[in-house]
Amino acid sequence: MADSLLVGTYEVDITPKIGTLLAGGIYPRVSKGVHDPLMAKAIVLESNGTRLAYVILDLLVLTRREGDRAVEMASELTGIPAQNIFWATSHTHSGPYTMPLFGSTEEEVVDKEWLSSLPESFAHCVAKADERKIPARWGFTRGYNYTLPLNRRLRFKDGRELNNFLIDRGEEAQCVGTAGPVDPEIGILFFEDMEGKLIAVLFNFALHLTTHFGEEFSADYPSVVARRIKERFGEQAIALYMPGAMGDINTYRNMEETGNMLADSMIPKLLARKPQEEAPILKAMKSEIRVPYRDFDQDQEERIRASQWPEDVQDVFRKELEIMRKEGIREGETIVSVWRIGDIAFAGLPGELFVEWGLKIKAESPFPWTFPVELCCDYQGYLITRRAWEGGGYEGLIARSAKPSPEGVEMMVNKTLEMLEEIYR
């Protein structure tokens, strides 16, 4: 049906074997169980002859090495153009390593056999979602949560910025407030079958996935939201998380509290949903971009010490700096992406995006509704602001988890805004 919307979903368990090392902390942890499984979830939309796929992976990060191979395999299986297949990692801090971080090597921390199987699982998930497409209606709503997100950086009278988990360790100047804002908006797209039964929910929220941090695999608070959606609307209702600009946003709540508070904000909106009958416009773009990295030639000792990490962790970042210097890579080729579903636009950036950048994209996009999606289609590390770089703190160090310069991040954001203008026209 050329003028109708078709929607298909699928989810598959991608949890590694117990004993695999858990990423998300400075030091690896050995997994001792499964609190809740790690999933790959796919949704495929088809409208007016265009197909678009989105996949969320319950992982900390993923680089293009695996991501591009997964997209290529999914495209070969389905015929969906690679440019129309998007993915993001949820950034759970209770998932496996997919790359070496914080002084480690790939041989030390990555389960290569598991990682090599990930693109096939990804492609299978997209193919099954494509096979399962049915006629559907869609719509958009949104909620708010003001009590969960906290900007985790504090600004001091002497100009320094420190993370709230590294304070009371010697700073002398007075705190003059948080170093940045938060984004309380929950963006919600919903899809239902022609009888009105909910099929899928896409939800975008800017909050770090650090509410579960133990010795078990966990998809963190989005899994609680997904469970609540299924309990209320049926097993067929799949909730796919779209990570917002949460690079500097944390919460003090635990996993169950966080997930339940989000679900409590979302479910009343879904119960009151008003679907559109008209099939949406689907458009997508991806662009390669080369961005400068942080200057690792300059002495970073003062910056490392000023971060107020304990001495052993400071040594980890000294080692990271030496790794970056030895590699000698001063700029990186990465990817930025945009896609639209009707009047709703998404902007994908390849790292942990600071909330100020996400709010800028929202404010300057030509679309009435735009949602940043971080950790999308690549991983370049923290995407910080110039002020955060000057203020210091954890995200202002130089490491494999923090590569692009503020100028490089600005280039990504500006390119994304240009692309939004193009698909809007």
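Biologist: Thanks! Which residue stands opposite Tyr10 in β4?

Modeller: First, a word on the source: this is a predicted model, where local features need pLDDT of at least 70 and side-chain atom pairs count only at pLDDT 80 or more, while totals for chains, interfaces and linings use all residues. Residues are numbered from 1 along each chain as its sequence is written, and side-chain values use heavy atoms, leaving out hydrogens and water. Strands (E, at least two residues) and helices (H or I, at least four) are DSSP runs numbered from the N terminus, and two strands pair if DSSP finds at least two bridges between them. β1 and β4 (residues 39–47) run antiparallel, joined by nine bridges, and the residue in β4 opposite Tyr10 is Ala42.

Biologist: How many bridges pair β1 with β7?

Modeller: Strand β1 covers residues 5–13 and strand β7 covers residues 134–144. Leu5 stands opposite Ala136 in β7, and Val7 stands opposite Ile134. The two strands pair in the antiparallel sense, and the number of bridges is three.

Biologist: Which strands are at the edges of the eight-stranded sheet?

Modeller: This open sheet has mixed pairing and the order β6-β5-β4-β1-β7-β12-β13-β14. From one strand to the next, the twist averages 25°, with angles taken from 0 to 180 degrees between the N-to-C directions of axes, which are lines fitted to C-alpha atoms (for helices, over the stretch in contact). The strands that pair on one side only are β6 (85–89) and β14 (238–243).

Biologist: At what angle to β6 does helix α1 run?

Modeller: Helix α1 spans residues 64–78 and lies across β5 (50–57) as well as β6. Its angle to β6 is about 145°.

Biologist: How far apart are the closest N and O atoms of Asp68 and Arg64?

Modeller: Asp68 and Arg64 are separated by about one helical turn because they are four residues apart in helix α1. They form a salt bridge, meaning a side-chain nitrogen of Lys or Arg within 4 Å of a carboxyl oxygen of Asp or Glu. By this rule the model has 38 salt bridges. For Asp68 and Arg64, the closest N and O atoms are apart by 3.2 Å.

Biologist: Are α4 and α5 parallel or oblique to each other?

Modeller: The axes of α4 (residues 221–233) and α5 (residues 255–271) come within 8 Å and cross at roughly 40°. Angles under 35 degrees count as roughly parallel, over 145 as roughly antiparallel, 65 to 115 as roughly perpendicular and the rest as oblique. The contact residues divide into twelve nonpolar, four polar and five charged (Ala, Val, Leu, Ile, Met, Phe, Trp, Tyr, Cys and Pro count as nonpolar, Asp, Glu, Lys and Arg as charged, and the others, Gly among them, as polar). The helices α4 and α5 are therefore oblique.

Biologist: And how are α8 and α10 placed, parallel or perpendicular?

Modeller: The axes of α8 (residues 355–364) and α10 (residues 406–424) come within 10 Å, crossing at roughly 25°. The helices α8 and α10 are therefore roughly parallel.

Key. Contact = heavy atoms within 4.5 Å.
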